[in-house]
Amino acid sequence: MHSTQHEFGRVQDLYLPVGLAVLGIVVVAFAFAVVRYRARPGRVARPTRDRNLLEAAIATAIAGIVAVLLVTTLRANAKITDTARHGRPAFAVDVLTYRWGWQFTYPSLPGVVDRTAPNRPPVLHVPAGQTVRLRMRTEDVVHAFWVPAVRFKADAWPDTTRTFDLVFPEGSALSGHCAQFCGLKHSDMVFTVDAMAPAAFRAWAARAR
Amino acid sequence: MSGRGAAGAIALWALFNALLAALLLGFRNNLVQMLSWVAAVATLLVIVVLALRSADPRARRLPEASAGALILAIAVTLLALGAGVGLWAALIGAGLAVIALVVLGREARE
Amino acid sequence: MSVAVRTPTASLRGLTGYALGTDHKSVAVRTFCTAFGFFLAGGLLAVLMRTELARPGMQLTSRAGYDQLFTMHGSTMIYFFVTPVALSLGTYLVPLQVGAAEIAAPRVNLVGFWLFVLGGLIAWSGFLTRNGAGAAAWTAEFPQSGSTGTPGEGMDLWISGVALGVLGTMLLAGCMLATIVGRRAPGMTMLRLPVFSWAMLVTCLMVVTSFPALIVAMGGLLLERHGVSVYPGAYGAAAYQDLFWFYGHPVVYVMFFPFVGAALQVIAALSRRRLFGYKGVALSLLLFAALSMSVWGHHMFTTGQVSNDYFSLTSTALAVPAGLEYVAAVGTLIGGAILLRTPMLFAIGFFVQFLLGGLSGIYVASPPLDYHVHDSYVVVAHFHYTLLAGSVFGLFAAVYFWWPKVTGFMLREGLGKLHFWIFVVGTNLTFLPQFFLGYDGMPRRIADYSPANGWTTLNELSTLGSYIVALSVVVFLVNVAVSWLVPREAGPDPWEAQTLEWATTSPPPRYNFEAALPAIRSAEPLLDLRESLAGVGAPREEPA
């Protein structure tokens, strides 16, 4: 089963160690150079000799690392974005964004609406551990749907329906934010996600209808 | 020094840009993206031609000051403001631009 | 060297000189000082922002006020500080480094300076309007930046001001480019161009090819706000961003390459040897700059409007030329006799701290990672590491190094080292916590957050860091004041440096070189001269 947070984790498991290793190597190189070759009485700088082969080798090594990073990235991105490969989603949500709030409706539960109210962010109700397909539109400007727990965000685009699949971990109040500046109440455009285990979700759906 | 050496470096850079633009053709792209790039490469080719034609400057008179430059800057500013602030600004700007060009012409001929 | 005639008939003093003088050195100093003034203004906005964000709740301003703060902070720093200040280094140094008497097209250069100044003033004049200054971020994404999303004249003034400022910087770059093309002294082939001038060459090439896109984008936005449908629907919103970012990515390299060139120049001079891998640096600068023209879509990974594959490919490939520049820096230090004077500290600090920005850049170049951290404080930390903890360190390396050439006196070493270390502490304390804040879910461009998020402590630390950064700037200004009031004369070549600008007086005379230039047989003519007088050494040895 794919999920955005799973793909994120796999890519980061490669990127972070590589990045920290490069950082370490460079810092050590500068520290070594500065300590070892500090000007001292009698020290004369060595004439510079270009080492083209060494530079070419280093460039090739970096290109190799870049290639490995890219293969991992492109594969993970394909898994995330190619919704056709995700199988039939267990649940669908229609997301409407506007200045300044969210509206969640559920095609399989007609009449059930979760919408921003004054001083009360809405709750997005979803089943946990299963593919949820979200279809997002905007009434006005570009907004963005971001739930940090699933390591994913997508922009709501004018005149467009944006479709993406998420698998939520269980949690009664996962935080959600608008992540594209949209004016005065951008900071307040928040929501929470109630991702429920199957039995609890069925119970909620029955009550909500 | 003639401009040929620089023309070579700029032509190489234009080639890099053209290759990267061509690569984008193999992916999802749109008209704005490709036009921006075509404009960029075209600009570079113009610069290459100008560079090839530049030769060691003959003795030239170097200015100390240029009132025309300041007037032109103010004129362009008013023209830009006119689009948002009002037609009056653009009209004053247009008038100043004419004055600026006259002054610059006289400065260049001194 | 290029010839100059005409002794000045009118001496330029005071206001007339400031307004109308065309000497490239004077225009460069005026550009630098104006840009530095914008740095102080933009920095004040940053301190206000950080003070507001330290704790939940609105203590200082309103949401509308905060939106203007972050818009004008980013806009000031990018359009009116770092870009012009980076170019100003070239406006001053390029003619000197290539052995020219004056920059090409000095009047055009002066127009550029004034457009920059007027543009900045006009953008800031938005604060005086009823709705306040521009408030749609430095990027002014559409439709939010339209007349419904951001009503008022302040936003129109912002658009005009930004477009004028960018046009001005284009003219400055054009003159520099023409100087490198056509005003090099005899013997200075392209492969003998100093590394700083190489960096300015690619910088100016990026400016003239990418900056027009910004002017088009802004022109369209202004028309759109006044009733002309320029950016309709899905296509229009994407077209705006494609145009904006076609400028918006190269500009960050315009704000980087001049400082790479400067830092490499400093490292070579204060290691007492020639730059390692000069040809590799020249080639990698060309490659790096070309790639930087091809990556702009990575700002749009979450929009679904561009090929994420193409832009992640080109963005990650940037690591290759970047790596070669680091190889050159380390390779020059190794084998040297390193003097840890203030410019060297800032140059090394630039390379090391920029790396955190660069590596976090490779991180966000991966869409699966960027889908999480885009538009969060991770990105804010990333670009502040490249720009403030990176480029501005490079700027101070250049300032401390070339200050004696421009002014004739030295800046104090003790105060300089104090400035450096306080700046190191300040930048890291401000931005390291922001990586964690963003990763945990704090979006950017928010005026306030809930205490339940648990972000307060890290925000307080970051705010403390920002005050320390401000303190470091004060130390620098004290250094300037003290050094000016009790000057210590520098002479023509206080660092025993390598390139032509050190072969003339400090400051240089009106037409730059009064005596004959030394023979130009390498990128380090003064080092050649010194070595031939001592009877030692030879120009750069080619490998067997």
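Predicted model: local features only at pLDDT ≥ 70, side-chain atom pairs only at ≥ 80, totals over all residues.
Q: Which strands of chain A stand at the edges of the open sheet with five strands?
A: Reading across this sheet of chain A, the order is E4-E10-E9-E6-E7, with mixed pairing. A strand at the edge has a single partner strand, so one side of it is left without a neighbour in the sheet. In chain A, the strands in that position are E4 (123-127) and E7.

Q: By what angle are neighbouring strands of this sheet turned against each other on average?
A: The sheet in question is the open one in chain A with the order E4-E10-E9-E6-E7. With direction ignored, its neighbouring strands are turned on average by 25°.

Q: In which sense do E1(A) and E5(A) pair, parallel or antiparallel?
A: Strand E1 of chain A takes in residues 91-98, and strand E5 of chain A takes in residues 131-138. You can follow the pairing by finding Val95(A), whose bridge partner in E5(A) is Met136(A), and then Thr97(A), which stands opposite Thr138(A). Over seven bridges, the sense of the E1(A) and E5(A) pairing is parallel.

Q: Through how many residues does a hairpin join E1(A) to E2(A)?
A: Strand E2 of chain A, residues 101-105, pairs with E1(A) over five bridges in the antiparallel sense. To find the place in the model, look for Tyr98(A), which stands opposite Gly101(A) in E2(A). The hairpin joins E1(A) to E2(A) through two residues.

Q: Which residue in E8(A) does Thr131(A) stand opposite?
A: E5(A) also pairs with strand E8 of chain A, residues 162-167. That pairing is antiparallel and has six bridges. In E8(A), the residue opposite Thr131(A) is Val167(A).

Q: Are H1(A) and H2(A) roughly parallel or roughly antiparallel?
A: The axes of these two helices of chain A come within 9 Å and cross at roughly 170°. Angles over 145 degrees count as roughly antiparallel. The crossing therefore makes H1(A), relative to H2(A), roughly antiparallel.

Q: How many residues of the contact of H1(A) with H2(A) are nonpolar?
A: From H1(A), the residues that meet H2(A) include Val11(A), Leu14(A) and Val18(A), while those of H2(A) include Ile65(A), Leu69(A) and Ile80(A). Three residues of the contact are polar and three are charged. The count of nonpolar residues is eight.

Q: Is the crossing of H6(C) and H10(C) left-handed or right-handed?
A: In chain C, helix H6 (residues 195-225) and helix H10 (residues 278-292) pack with their axes 10 Å apart, at an angle of about 15°. Angles under 35 degrees count as roughly parallel, so that is what H6(C) is to H10(C). Among the residues making the contact are Trp198(C) of H6(C) and Tyr278(C) of H10(C). As for its hand, the crossing of H6(C) and H10(C) is right-handed.

Q: Which element gives the largest share of the side of chain A that touches chain C?
A: This contact takes 68 residues from chain A and 71 residues from chain C. On the side of chain A, helix H1 (4-36), helix H2 (52-81) and strands E6 (143-147), E7 (152-156) and E9 (171-178) each supply at least two residues. The largest share is 15 residues, and it comes from H1(A).

Q: Which helix gives the largest share of the side of chain B that touches chain C?
A: Here the contact takes 47 residues from chain B and 58 residues from chain C. By class, the side of chain B has 30 nonpolar, 13 polar and four charged residues. The largest share of that side, 13 residues, comes from H3(B).

Conventions:
Residues numbered from 1 in each chain as written. Chains lettered and ligands numbered in written order. Contact = placed C-beta atoms within 7 Å. Helix = DSSP H or I, 4+ residues; strand = E, 2+ residues; numbered from the N terminus. Pairing = 2+ DSSP bridges. Axes fitted to C-alpha atoms, helices over the stretch in contact; angles between N-to-C directions. Parallel < 35°, antiparallel > 145°, perpendicular 65-115°, else oblique. Left-handed = near helix turned anticlockwise from the far one by under 90°. Nonpolar A, V, L, I, M, F, W, Y, C, P; charged D, E, K, R; others polar.
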